[in-house]
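Here are a few friendly notes to read alongside the model.

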Amino acid sequence: MEIREHVISMLVNNRPGVLARVSGVFGRLGYNIESLCVAETISPKVSRITSVSKGDSQFMEKVRKALNRLVDVIEVTELEDTHSVKREMMLIGLSFDEKARAEIGQAVSMFGCSVVSMKDNYCIVQAVGNKMEVETILNYLKPIGVRDVCRSGAIALENK
Amino acid sequence: MERSGAEILLQTLKEAGVEHIFGYPGANTLPVHDCLEESRIRHFLVRHEQAAAHAADGYARATGKIGVCLATSGPGATNLVTGIATAYMDSTPMIALTGQVTTNLLGSDAFQETDIIGITMPITKHSFLLTNENEIAATVREAVHIATTGRPGPVLIDMPRDILAKRTNSEEQHNFEISDSKAALLSDPDRRQLQQIARYLNAAEKPVLIIGGGVKLASAFIEMTNVITKGKIPFVTTMMGIGSVASTNGFNLGFIGTHGNDLANRIVHQSDFILAIGARFSDRSTSVIEEFAPLAKIAQIDVDPTSIGKNIKTDMSVICDIKVALDELITLIDDKERSDWWSRIKNERIQLKKNGSANGCGPAGDLIEQVQEAMPEKTIAVTDVGLNQIWTVRSWKVGIPRGLITSGGMGTMGFSVPAAMGAKIGASDREVVVFTGDGGFFMNIQELATISSYNLPLKIVVFNNGHLGMIRQIQDLFYNSRFRDSCLAGKIDISQISKGFGIPSEKVSVRNAGEGIQRMTGTDGPFILEVLVDEDNYVYPIIPPGRSNMEMIYGRSD
């Protein structure tokens with residue numbers, strides 16, 4: 001059975017307890033949520049949840065049905081690579097010594113990311129891109145001394 | 001006008017048509033109990049919260065109206081859980097009102113605090129925590145809307161005591177056009193899909209309809225009968241579908257599944273086209289899904305999109321209110337004789353009869369038929385769970401809408417007596433008879449006190465075989481007759497128990513019950529008829545676990 005990554009975009013009512021109901025669906029069906037992003041949409045009454053999970057061929061059907069059964073779920077869409085734009089933000093905390101300072105500057109300009117905080121020998125690099133891009137940057141910076149990483153998880157929009 | 005939260009709650013429920021509430025008070029629901037009398041909603045005091053939930057469920061099943069139960073926070077709320085789950089599995093429109101600790105104490109492990117919304121999340125259609133007294137009216141209206149539209153189900157409202165007690169004269173509106181728009185889609189069927197279904201149905205040589213509980217929930221009794229009669233289409237039901245069309249309808253082949261009728265299972269297996277209406281192909285109906293109706297194209301009509309293709313792959317489907325869809329379908333189907341198919345079915349029926357197949361319930365089934373003959377035509381039968389349930393659903397002829405009430409999906413023992421109380425209160429013009437066993441009877445026996453104190457004229461038939469009969473049958477057949485933990489016999493005297501509750505009773509043998517039945521039906525108030533049944537009065541045929549619907553067995557193989 002083919003296991004692959006599924007990106008789901010949901011519109012839900014912006015109310016207390018909704019996320020618990022939505023995430024409960026994944027857990028009850030035995031699927032893990034690899035990343036999750038929730039925020040208000042253009043309407044303050046509606047939030048968009050973007051989730052990424054790995055699942056088999058039944059995954060989408062099962063999850064879609066269970067999600068649609070929730071009163072607070074307005075719309076469920078699976079976003080395929082070919083029809084959507086996906087982005088992720090990554091904050092990378094780096095400890096470095098003086099020798100590496102130039103190397104960081106070079107990497108930042110090469111990858112088009114930015115340094116958003118700098119204090120003594122610790123800086124935070126902000127990277128935005130698709131999953132492969134941000135992971136490439138992370139891998140490049142690893143030898144310099146990555147101490148912390150925070151990833152937003154995917155956000156995505158269908159290009160209609 | 002200034003009103004308390006509790007007053008707003010009850011007045012809004014009253015406006016929504018609620019006339020009865022089943023409940024049990026506690027400190028955190030006292031603001032509600034305190035103004036129940038003025039609200040002109042009648043409250044029935046049960047003896048255990050589980051019974052309040054089952055009574056609300058039975059009330060809804062008997063009337064088609066929403067059932068309401070009320071319990072306090074903590075143990076009161078958790079005692080509702082089995083009843084809520086029962087309602088959820090059979091899609092009963094229900095509101096469960098639970099008391100909660102005051103908002104400042106939420107999350108502090110306060111006395112009788114429990115996260116009932118968290119506990120019931122997977123067994124409610126939706127739930128609300130009241131956080132503001134000004135939102136109560138809108139929340140109640142939304143809860144009623146959610147519980148009763150689309151595929152119905154239980155909705156829980158958790159009510160902190162301070163919100164119930166606060167007084168206010170303003171009322172904020174919060175709108176729910178979102179769930180409204182979801183429901184609106186359901187009253188407009190996809191015509192192309194419906195035409196396709198009709199085309200297949202008209203062209204099929206061996207079509208069968210599978211009628212599920214959804215037909216009852218949609219109150220589509222007449223529409224369903226019209227479709228069957230016009231197309232002369234043989235139909236089977238699921239257990240929940242029994243009574244969606246009169247059992248005596250000539251096109252009825254019985255019900256399918258583990259404990260179903262052999263004719264129904266065999267004809268479905270041979271069919272080339274199945275149209276399921278309000279049925280989800282549950283494991284109890286299909287046994288081994290891979291071997292279910294191997295030759296048939298499958299079509300489905302359901303109001304619930306999540307029930308389409310949930311358990312079986314469907315070739316075509318319509319998501320719509322069943323009443324509306326059937327009303328359109330009838331104009332699309334041909335008036336056909338289907339004589340080849342019917343003669344094949346007739347032969348099969350004769351063959352099965354020759355092999356000794358009857359309703360397979362032995363003397364217990366005969367007794368149920370006797371009771372039905374002695375009761376008025378419009379009597380509602382309520383079953384418990386176990387052999388008594390299968391005996392009843394096979395033997396009781398449901399001639400009227402909502403004439404049979406049984407816990408199908410959840411299979412909740414102890415359901416019958418409290419559900420019958422609710423049914424009787426909701427449908428006071430109809431007689432209500434309970435068929436239960438000595439297992440289920442004792443699971444909510446405290447409710448005899450409720451029956452006694454309100455003098456509810458329920459006729460309760462308790463089949464006493466000293467065992468958990470269905471468990472015993474399974475042990476007998478599949479566990480080499482090792483009857484572990486399924487014997488209930490002891491020095492228990494049901495007549496003394498009945499006497500203690502002030503309810504007349506009589507003990508009869510299953511083969512000689514005529515006079516006892518007469519005395520039961522001749523009694524004005526409640527009556528308990530204890531019927532002694534042989535412990536091996538099993539139900540046959542039955543499908544062994546892991547076998548297909550074609551592998552029904554008629555007795556022990558040795």
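1. Let me start with a question: is the crossing of helix 14 of chain B and helix 17 of chain B left-handed or right-handed? The crossing is right-handed. Please keep in mind that this is a predicted model.

2. Now for the geometry of that pair. Helix 14 of chain B covers residues 262–270 and helix 17 of chain B covers residues 339–354. The two pack with their axes 10 Å apart, at an angle of about 140°. Because of that angle, helix 14 of chain B is oblique to helix 17 of chain B; the roughly antiparallel class is for angles over 145 degrees.

3. Which residues make the contact? Helix 14 of chain B contributes B:Asp262, B:Leu263, B:Arg266 and B:Ile267. From helix 17 of chain B come B:Ile345, B:Glu348, B:Arg349 and B:Leu352. By type, the residues of this contact divide into 4 nonpolar and 4 charged, with no polar ones.

4. Stepping back to the whole chain, chain B has 25 helices and 20 strands. Its C-alpha atoms fill a box of roughly 70 × 65 × 40 Å along the principal axes.

5. On overall dimensions, chain B has a radius of gyration of 24 Å, which agrees with the value near 24 Å for a compact globule, because the chain has 558 residues.

6. Buried residues make up 54% of the 558 residues. Of the contacts with a separation of 6 or more, 76% are between residues 24 or more positions apart.

Technical notes. Residues numbered from 1 in each chain as written. Chains lettered and ligands numbered in written order. Predicted model: local features only at pLDDT ≥ 70, side-chain atom pairs only at ≥ 80, totals over all residues. Axes fitted to C-alpha atoms, helices over the stretch in contact; angles between N-to-C directions. Helix = DSSP H or I, 4+ residues; strand = E, 2+ residues; numbered from the N terminus. Parallel < 35°, antiparallel > 145°, perpendicular 65-115°, else oblique. Left-handed = near helix turned anticlockwise from the far one by under 90°. Contact = placed C-beta atoms within 7 Å. Nonpolar A, V, L, I, M, F, W, Y, C, P; charged D, E, K, R; others polar. Rg over C-alpha atoms; globule rule 2.2 N^0.38 Å. Buried ≥ 20, exposed ≤ 12 C-beta atoms within 10 Å, placed from the backbone.
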